[in-house]
Amino acid sequence: MRFLFFTGARPSEAIGLQWKHITESVIRFRQAVVVSKQGLVLKEGLKTQRKRDFPITPEVKVILEDIKSETIDPEAFIFRSPRGKFIDQHNFANRPWQAIMAKSGIPYRKSYQCRHTFISLCVEAHINSTALPLAHAKACPDAGREQVPR
């Protein structure tokens, strides 16, 4: 969950990340796990664009280091189910996510809203959309501009 809050990534993009997409300084979003008639499938490209690069901040670096094993298979998915498969976003939303919200005393909201929280924090920090990786410029084109209410 911390990864979603600190990157603003869509859950489907985080689930589709493999270690080969991580460099020393950048996360290369190139694919997403989506629901199809065949179940969960890996799809090339993202929801609104083909690819997106996101800088690895100190907070994100710590998150990745915490989950990285000593030996890394570049093809391995970073976030996996307990059985080593894709995380099913629907199951996640109905089980761990609801428990996290309840334990934190936060009214239920969709995990996708982590993306909105990330953008709001950027606006609050006066980071404008040109400074954000183009990741979120479409989602919040006025981020940091004077007309955005504070």
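The questions and answers below concern a predicted model.

Q: Why is T7 called buried?
A: Buried means under 20% relative accessible area. T7, in helix α1 (residues 2–7), has 1% relative accessibility, so T7 counts as buried.

Q: What makes the approach of the T7 side chain to the backbone oxygen of F3 a polar contact?
A: The limit for a pair of N or O atoms is 3.5 Å. A polar atom of the T7 side chain lies 2.7 Å from the backbone oxygen of F3. The T7 side chain also reaches the backbone nitrogen of A9, at 3.1 Å.

Q: Why is the aromatic pair of F3 and F79 called tilted?
A: Planes under 30 degrees apart count as stacked, over 60 as edge-to-face and the rest as tilted. The planes of F3 and F79 are 55 degrees apart, with 5.1 Å centre to centre. The angle falls in the remaining class, so the pair is tilted. F3 lies in helix α1 and F79 in the loop between α3 (58–67) and α4 (89–94), so the pair ties together parts that are 76 residues apart in sequence.

Q: What makes the pair of F77 and F86 edge-to-face?
A: The angle between the planes of F77 and F86 is 80 degrees, and over 60 counts as edge-to-face.

Q: How do you know that the charged end of R52 is within range of the ring of F29?
A: The distance limit is 6 Å from the ring centre. The charged end of R52 sits over the ring of F29, 5.0 Å from its centre.

Technical notes
Residues are numbered from 1 along each chain as its sequence is written. This is a predicted model: local features need pLDDT of at least 70, side-chain atom pairs count only at pLDDT 80 or more; totals for chains, interfaces and linings use all residues. Side-chain values use heavy atoms; hydrogens and water are left out. Helices (H or I, at least four residues) and strands (E, at least two) are DSSP runs, numbered from the N terminus. Buried means under 20% relative accessible area, exposed over 50%, partly exposed in between (1.4 Å probe, protein chains only). A polar contact is a pair of N or O atoms within 3.5 Å; within protein, one must be able to donate a hydrogen and the other to accept it, and residues adjacent in sequence count only if both atoms are side-chain atoms. Rings of Phe, Tyr and Trp (its six-membered ring) pair if their centres lie within 6.5 Å; planes under 30 degrees apart count as stacked, over 60 as edge-to-face and the rest as tilted. A charge sits over a ring if NZ of Lys or CZ of Arg is within 6 Å of the ring centre and within 35 degrees of the ring normal.
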